[in-house]
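Try each task yourself before reading the worked solution.

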Amino acid sequence: TGHLLAIEGLEPPHISALLDLAESYALLNRQGKTQRDLLKGRTLINLFFEDSTRTRTSFELAGKRLGADIVNMSVSTSSVNKGETLLDTAATLNAMHTDLLVIRHAQSGAPALLAQKVDAAVINAGDGTHEHPTQALLDALTIRRRKGRLEGLIVAICGDVLHSRVARSNIHLLSAMGARLRVVGPPTLIPSECARLGVEVHHDMRSGLEGADVVMMLRLQKERMNAGLVPSPREFFRFYGLDAAKLAHAKPDSIVMHPGPMNRGIEIDSAIADDPERSVIGEQVEMGVAVRMAVLDVLSRDLRRNT
Ligand code: CP
């Protein structure tokens, strides 16, 4: 397509090829080797309308390691504050001959809308409650490195699934690759589409985690909830926070994931988050750079054909 807007619709061979390429970048990154000329002369703009630590930094690092010129647009000090619309902002960036536009936006569908209006390759860095495709790719790469495969694994995605673009992208990717998906959370935080997507729904952490190979925790997204409907942190942790007692139901060699940012003591106990035997949270962040290098590499091939 020339853009990366969603995981939904990607075919398994394309996903595998992206993961293979990302794996090779992960090895180069560990060896401290960079490939500085692949994106030489290309411009990448990070356009983040929502806060980010991992995604924005790793797109910047990934672009720099491939030789691109990077501009981090600070939306909070931009003319968006003077009332400029998303599409006018996009047209402005387009007039500056941007090659790659990485966008995060609170509105589901904003990156797809932009992709129709600009010449740049658009990458969705998270849109509302819709998708966060590079997060699912980095999660899949981390799982594949730890477990050697995706097919047949039992993956439990736990907590605030309703507001999670991370969960949605992971469900699409991991189902396409043959994993067995479960979601675990209170009925108020599980979207009805899970059943339609063939995902097992659990409201009890014990049954949800039973025999799981991968336990993926999600952040409780208070900013997307009506203030009156935010669960009490203490009660949420008691029933759905991952601690040693709940994790004991998963396989003894299961891995624990969290996309970050974490709410320690709400969805995950610090002792689990920091357990070097089980937690792969640091590796997820590391793989984020490699995956974004792979995505930039693949999308820039279309750009090369266009010039
Ligand atoms: N996982 C993730 O998207 O983190 P950031 O919000 O810090 O980018």
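Predicted model: local features only at pLDDT ≥ 70, side-chain atom pairs only at ≥ 80, totals over all residues.

**Exercise 1. Sort the residues that line the largest pocket into nonpolar, polar and charged.**

Step 1. The lining of the largest pocket divides into 10 nonpolar, five polar and four charged residues.

Step 2. Now place these residues: 19 of them line the pocket, and those nearest its centre are His3, Leu10, His14, Leu18 and Val298. Two elements, α1 (12-30) and α12 (281-306), each give two or more residues to this lining.

Step 3. Find the main contributor: α12 provides the largest share, five residues.

**Exercise 2. Describe the second largest pocket by its volume and its lining.**

Step 1. The second largest pocket holds about 390 Å³ of space.

Step 2. Its lining has 20 residues, with Arg104, Arg165, Arg219, Gly260 and Pro261 nearest the centre. The elements α2 (54-65) and α6 (165-176) each give two or more residues to this lining.

Step 3. Sort the lining by type: four residues are nonpolar, eight are polar and eight are charged.

**Exercise 3. Which residues surround the ligand, and how much of its area does the protein bury?**

Step 1. List the surroundings: Ser52, Thr53, Arg54, Thr55, Arg104, His132, Gln135, Pro259 and Gly260. Arg104 and Gly260 in this list are also among the residues nearest the centre of the second largest pocket.

Step 2. Look at the ligand's oxygen atoms. One lies 2.9 Å from a backbone N or O atom of Arg54. The side chain of His132 has an N or O atom 2.9 Å from an oxygen atom of the ligand.

Step 3. Turn to nitrogen: a ligand nitrogen atom is 3.0 Å from a polar side-chain atom of Gln135.

Step 4. Finish with the area. The ligand alone exposes 260 Å², and the protein buries 92% of this.

**Exercise 4. How many cavities of 30 Å³ or more does the whole structure contain, and what lines the largest cavity?**

Step 1. The search finds one such cavity, with about 40 Å³ of space in the largest cavity.

Step 2. Its lining consists of Val161, Ser164, Ala167, Arg168, Ile171, Pro191, Glu193, Cys194 and Leu197. By type, six are nonpolar, one is polar and two are charged.

Step 3. Trace these residues to their helices: α6 and α7 (193-196) each supply at least two, and α6 gives the most, with three.

**Exercise 5. Where in the chain do you find Pro261 and His97, and what does the backbone do at each?**

Step 1. Pro261 sits in the loop between β9 (255-257) and α11 (270-273). The peptide bond leading from Gly260 to Pro261 is cis, with omega near -10°.

Step 2. His97 belongs to the loop between α3 (86-95) and β3 (100-105). Its phi is near 60°, a positive value in a residue other than glycine.

Step 3. Connect this with Exercise 3: Gly260 and Pro261, the two residues of the cis bond, are among those nearest the centre of the second largest pocket.

Terms used:
Residues numbered from 1 in each chain as written. Heavy atoms only, no water. 1 Å grid on protein atoms, 1.4 Å probe; cavity = no way out; pocket = protein on both sides within 12 Å on 5 of 7 lines; lining within 4 Å. Helix = DSSP H or I, 4+ residues; strand = E, 2+ residues; numbered from the N terminus. Nonpolar A, V, L, I, M, F, W, Y, C, P; charged D, E, K, R; others polar. Points joined across faces, edges and corners; volume = space filled by probe spheres on them. Near = heavy atom within 4 Å. Polar contact = N/O pair within 3.5 Å; in protein donor to acceptor, adjacent residues only side chain to side chain. Areas by Shrake-Rupley, 256 points an atom, 1.4 Å probe, with all protein chains shown as cover.
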